[in-house]
Amino acid sequence: MGIHHITAIVGHPQENVDFYASVLGLRLVKKTVNFGDKVRYHLYFGNEQGNPGTLITFFALPGAENGIVGDGEVGVSSYVVPVGAMQFWKNRLESFKVSYTETERFGEQYLQFQDPHGLLLEIVEREEGASNKWEFGGVTEDFAIKGLGGATLYSAKSTETADVLDNVLGLELVGKEGEYIRFKSASELGNIIDIKATSFGKGHQGPGVVHHIAWRTKDDAEQLEWRSFVEENGFEVTPVRDRNYFKAIYFREHGGTLFEIATDPPGFAHDESWETMGEKIMLPAQFEDEREELESILIPVEVREIK
Ligand code: ZN
């Protein structure tokens, strides 16, 4: 069903919130901690509901040395906006002094830019995908980012990576253009996956680099079927991990990119109300009795209008 979410590493969490919530106009749908490193934030941004396919999430590592994007990583994360919204986004990025370049592939125009920590992003106009009703800081529904359009995977083993997308995940091959191989999934968002078949050399994790890409599955039962199927195809898959807002399994494709398969349910409004989600730090039950200590360690962050 396409992408569930993309997770990347960034630096200071307030700079992260200022960019994704205030500049890009996304909703901060969940403020929680990294379950594997509870003294660090895990921040989730998406559309007004935080629907799968609209989500980008961040592990904030303030002060850490930047990573390097290389082979076996999601090189570019794409956002989709309504048709006719591109000029709005050029003007908006200019007003926030975010430099961009314009590029074209598969007959589509892309606006490419970086977030404050060097993560590569792009915006593309498409008809498909429901509009995003979250309005903030001058971004209205007519222009708002609908969600993820897809991603570009950097792979030095493009044949193997293409084979996983085609024969394991069941995406449909669209075609080839230059060094790009394009695939498509059944959903309307997070559905266009490009492989860039170039060697970028070895990268390493750190701010500005994507950590993993997660694909959608309908429910727990289907996830277990996926787990067996991926394993039968020769991949080492983790046990199911409860991420509170979805369940997750992980495996690494042969090109090196870390793939996750995540369930759509239960979603982000199950531990706080839809109206207020994203405002308070939410902790999984196992960390709740450490709330006071964790809140004293975590840097306070807020969604605010910036000029
Ligand atoms: Zn994930």
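In which strand is the place of Glu122? Glu122 belongs to strand 8, where strands (E, at least two residues) and helices (H or I, at least four) are DSSP runs numbered from the N terminus. The model is a predicted one, in which local features need pLDDT of at least 70 and side-chain atom pairs count only at pLDDT 80 or more, while totals for chains, interfaces and linings use all residues. Residues are numbered from 1 along each chain as its sequence is written, and side-chain values use heavy atoms, with hydrogens and water left out.

Glu122 has a relative accessible area of 0% and is therefore buried, a term that means under 20% relative accessible area, with exposed meaning over 50% and partly exposed in between (1.4 Å probe, protein chains only). Not counting residues up to four places away in sequence, the contacts of Glu122 include Val76, Ser77, Ser78, Tyr79, Arg105 and Tyr110, contact being defined as heavy atoms within 4.5 Å. Between Glu122 and Phe59 the C-alpha to C-alpha distance is 20 Å, and the two are 63 residues apart in sequence.

A search of the whole structure for cavities of 30 Å³ or more returns 1. On a 1 Å grid over the protein atoms alone, a cavity is a set of points where a 1.4 Å probe fits but cannot get out, and lining residues have an atom within 4 Å of a point; grid points are joined across faces, edges and corners, and a volume is the space filled by probe spheres set on the points. The largest cavity holds about 40 Å³ of space and has a lining of 13 residues, with Ser78, Arg105, Tyr110, Arg126 and Ile192 nearest its centre. At least two lining residues come from each of strand 8 (120–125), strand 9 (147–154) and strand 12 (192–196), and strand 9 gives the largest share, 4 residues.

An open sheet of 8 strands is arranged in the order 2-3-4-1-13-16-15-14 with mixed pairing, two strands being paired if DSSP finds at least two bridges between them. Strand 2 and strand 14 (241–242) stand at the edges with a single partner strand each, so one side of each is left without a neighbour in the sheet. Strand 2 (residues 27–34) pairs with strand 3 (residues 37–46) in the antiparallel sense over 7 bridges, the two forming a hairpin with 2 residues between them, and Lys31 stands opposite Leu43. Strand 3 is in turn joined by 4 bridges to strand 4 (residues 55–60), again antiparallel, with Phe59 as the bridge partner of His42. Elsewhere in the sheet, strand 15 (residues 247–252) and strand 16 run antiparallel and are joined by 5 bridges, Arg252 having Leu258 as its bridge partner.

The zinc ion is coordinated at 1.9 to 2.0 Å by His5 (NE2), His212 (NE2) and Glu260 (OE). His212 lies in strand 13 (residues 209–217) and Glu260 in strand 16 (residues 258–263), so this pair ties together parts that are 48 residues apart in sequence. Donors are N, O and S atoms within 2.8 Å of the metal (3.2 Å for Na, K and Ca), and water is not among the atoms, so sites may look incomplete. Along the chain, the donors of the zinc ion follow the spacing H-x206-H-x47-E, and both His212 and Glu260 are buried.

Note on methods. On a 1 Å grid over the protein atoms alone, a cavity is a set of points where a 1.4 Å probe fits but cannot get out, and a pocket is an open set with protein on both sides within 12 Å along at least five of seven lines; lining residues have an atom within 4 Å of a point.
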